[in-house]
Amino acid sequence: MNLGWWWRLFAGALAGFLFFHGFAATETAPNYSFMYDATSASTLSYYDYIIVGGGTAGCPLAATLSQNATVLLLERGGSPYGNPNITKMASFGAALSDLSQSSPSQRFISEDGVINARARVLGGGSCINAGFYTRASDEYIKQAGWDGRLVKESYQWMEKSVAFEPSLGQWQSAVRDGLLEAGVMPSNGFTYDHIYGTKVGGTIFDQQGNRHTAADLLEYANPSGLTVFLHASVHKILFAIKVSMAGKRRPKAHGVVFRDTTGAKHKAYLKQGSKNEIIVSAGALGSPQLLMLSGVGPAQHLKSHDITVVLDQPLVGQGMSDNPMNAVFIPSPLPVEVSLIQVVGITHFGSYIEAASGENFAGGASSSPAVEYMNNLDETTFRGGFILEKVMGPISTGHLELRTRNPNDNPSVTFNYFKDPQDLQRCVQGIQTIEKIIESKAFFRFRYEFLSWPILLNMTANAPLNLLPKHYNPSMPLEVFCKDTVMTIWHYHGGCQVGKVVDLDYKVLGVDALRVIDGSTFNDSPGTNPQATVHGCEDIE
C-alpha cells in the first residue's frame with residue numbers, strides 16, 4: 001500500500017489537530033445589561049475593584065465581587081457569543097486558525113520554536129481550549145496552602161453551570177480500555193477528581209455540542225455592581241507613592257489607563273477604601289507583561305524600554321513553563337467519532353495520556369503545506385485520531401521579556417522545553433505507554449496492521465508540528481522524538497509566581513492595592529487541565 005498517501009492523510013489531520021484543541025462558545029447570547037464596548041466608556045470613572053482581563057479567572061472574580069461592591073472588568077477582546085466561528089464544537093479549529101486582529105485567539109511563537117496561542121475574548125482560554133474539565137489533586141491544593149473545603153465548594157459552584165459528563169464513543173472507549181491494558185490502573189470511571197489511574201473526565205461542552213465558558217459565570221453577577229468593557233486594552237497601571245513616617249517610599253496601585261478600538265484614552269481609578277484593589281487576571285503572558293509595562297519588573301530591562309521603574313522586581317517574567325505535549329497519529333480503518341479530550345490516564349511516572357479523534361480535523365487548519373494535503377483528501381478516508389501525552393509540572397522553566405511597549409504585541413517568551421532531564425524521561429515513558437495502547441487488544445480494530453509502531457512515529461516526526469529542525473529517524477532513541485515533535489497543549493503558566501512576585505494572598509510583593517490572580521501565579525499546572533482551578537481562583541484566596 002502507498003505510504004505516501006498515508007503521509008498526506010496524516011499531515012492534514014495533524015495540522016488540523018494543532019489548531020483544534022478546544023473551541024466554540026455557548027450559542028445563545030445572554031442579555032448582559034452591564035456589557036459594553038469600550039468606545040462608550042467615559043474618560044474618567046471610579047470603582048471599588050478594577051479587574052484587568054475577562055478570562056477564566058477574571059469572569060468569576062467579577063461575578064463574585066459585584067455582589068457587594070462596584071466592579072470594572074476590562075477585556076481586550078470581544079464577546080464569545082454569536083460568533084459563527086466559535087459557537088459549536090463541530091466548528092472546532094476556526095477560532096485558532098483565524099489570524100485576524102478580531103480573532104478570539106492571538107498566535108505567538110515561543111523562542112523555542114513552538115507555535116502557541118493566547119486568548120483574546122471574554123471568557124479567555126475557556127473559549128478556545130479542548131473543554132476538558134478536571135480538578136486539581138488534593139496534594140496540589142495542600143501544597144498551594146488553600147482551604148480544601150472552600151476549594152471543593154468553588155469547584156461544585158462551577159460544575160453546576162459549566163461542566164458535563166461526556167458521551168463516550170467507540171474511539172475514546174478503546175483508548176480507555178487500552179490504557180487499562182497498558183497498566184494505567186485502576187479504572188476510576190467518570191470523575192472530576194484527579195486520581196491515579198484511568199478515568200473519564202468532565203467537559204464544558206453540553207450534549208448539544210455547545211460550549212459553556214467562563215463568560216457564562218457572569219450570569220451570577222449583580223448587574224448593578226458590574227461594568228464590563230470589551231475591546232479595552234489596558235496600557236498601564238497607575239501608582240501613587242506613599243511615604244511612611246520613617247521616610248520609606250511604597251507604591252500603591254490606584255488606577256489604570258486603557259484604550260478603546262479608536263485609540264481614545266480612558267482612565268479608571270479606585271474609589272477611596274482600604275479594601276479596594278486592582279486585580280490583574282490577564283494570563284500567564286499578559287499579567288507579567290502588564291506589570292513590566294507599568295514599571296514593576298527587572299529594572300535594567302524596563303530601562304532598556306524607557307519605562308520608569310516603580311519597583312525593581314527581577315522575578316517578574318521568570319519561572320515561565322509550558323507543559324510539553326507530544327502526539328502520535330493513528331489512521332483508522334473504521335470511521336471514528338469526532339471527539340475532544342474525554343479520557344485521561346494519570347500515571348505514577350508523571351505523564352498524562354489523552355486522546356482526540358474525528359474526520360473533521362481539517363476545520364482548524366491554518367495556512368501550511370498540510371492544507372494542500374487536506375484539500376485533496378476524500379472525507380470518507382479522513383479517519384483516525386491522536387493519542388498524546390502531556391508532561392506534568394513541568395520542571396523546566398524559562399522567562400518572559402518585553403519586545404515593545406505596546407500591550408497588544410506579544411512579549412518574547414522562552415519555555416526551555418525538556419531542559420530538565422526528568423521532563424524528557426517522562427515524555428519517553430508517556431510515548432512508550434502510547435505504544436502499549438496502540439498494541440492493545442482493545443485498540444486493535446482502530447489501526448492498520450501494516451502501519452507498524454516505527455512507521456507511525458516516523459510519520460509524526462516528519463509532520464509540520466513546529467519550527468524546530470528535524471533529526472529523528474526510527475533508529476534514534478525516543479528522547480530525540482520528544483525533542484523534535486514537541487508541541488503545546490496551551491497550559492503555560494508562571495511569570496508572577498507565588499512566593500516570588502505575589503504572596504500567599506496573591507498580593508504583589510512591595511506594592512499595595514494590587515493582586516495577580518490567574519495562571520501566571522502557578523508554579524506547576526494543576527491537574528491534567530488547569531481551567532477548573534483557574535475558574536475557582538476567585539473564592540480560593
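Which residues gather in a patch of positive charge on the surface?

A: Four residues make up the patch: Lys 236, Lys 265, Lys 267 and Arg 405. Bear in mind that this is a predicted model. Take Lys 267 as the entry point. Lys 267 sits in strand E14, which covers residues 265–270. Its relative accessibility is 32%, so Lys 267 counts as partly exposed. Patch members need over 30% relative accessible area and no salt bridge.

Now another charged residue, Arg 447. Arg 447 belongs to the loop between helix H10 (421–438) and helix H11 (453–461). Arg 447 counts as buried because its relative accessibility is 12%, and the cut-off for buried is under 20%. The side chain of Arg 447 makes a polar contact of 3.2 Å with the side chain of Glu 439.

Phi of Phe 418 is positive, near 65°, and Phe 418 is not a glycine. With a relative accessible area of 8%, Phe 418 is buried.

Trp 490 also has a positive phi without being a glycine; the value is about 70°. Its loop runs between strand E25 (487–488) and strand E26 (514–516). Trp 490 has 21% relative accessibility, so it counts as partly exposed.

Helix H2 spans residues 58–65, and six of its eight residues are buried, so H2 is largely enclosed by the rest of the structure. Those buried residues are Gly 58, Cys 59, Pro 60, Leu 61, Ala 62 and Ala 63. Helix H7 spans residues 283–293 and is mostly covered, with ten of its eleven residues buried. The buried residues of H7 include Ser 287 and Gln 289, along with Leu 290, Leu 291, Met 292 and Leu 293. After H7 comes Gly 295, with a positive phi near 100°.

Finally, the cis peptide bonds. One joins Met 185 and Pro 186, with omega about 0°. Pro 186 is in the loop between helix H6 (170–181) and strand E8 (187–190). Another cis peptide bond joins Gly 393 and Pro 394, with omega about -10°. Pro 394 is placed in the loop between strand E22 (385–391) and strand E23 (398–401).

Technical notes. Residues numbered from 1 in each chain as written. Predicted model: local features only at pLDDT ≥ 70, side-chain atom pairs only at ≥ 80, totals over all residues. Heavy atoms only, no water. Patch = residues over 30% accessible without salt bridge, like charges linked within 9 Å, V, L, I, M, F, W, Y side chains within 5 Å. Areas by Shrake-Rupley, 256 points an atom, 1.4 Å probe, with all protein chains shown as cover. Salt bridge = Lys/Arg side-chain N within 4 Å of Asp/Glu carboxyl O. Lys, Arg positive; Asp, Glu negative; His and termini not counted. Charge placed at Lys NZ, Arg CZ, Asp CG, Glu CD. Helix = DSSP H or I, 4+ residues; strand = E, 2+ residues; numbered from the N terminus. Buried < 20%, exposed > 50% of the residue type's maximum accessible area, 1.4 Å probe, protein only. Polar contact = N/O pair within 3.5 Å; in protein donor to acceptor, adjacent residues only side chain to side chain.
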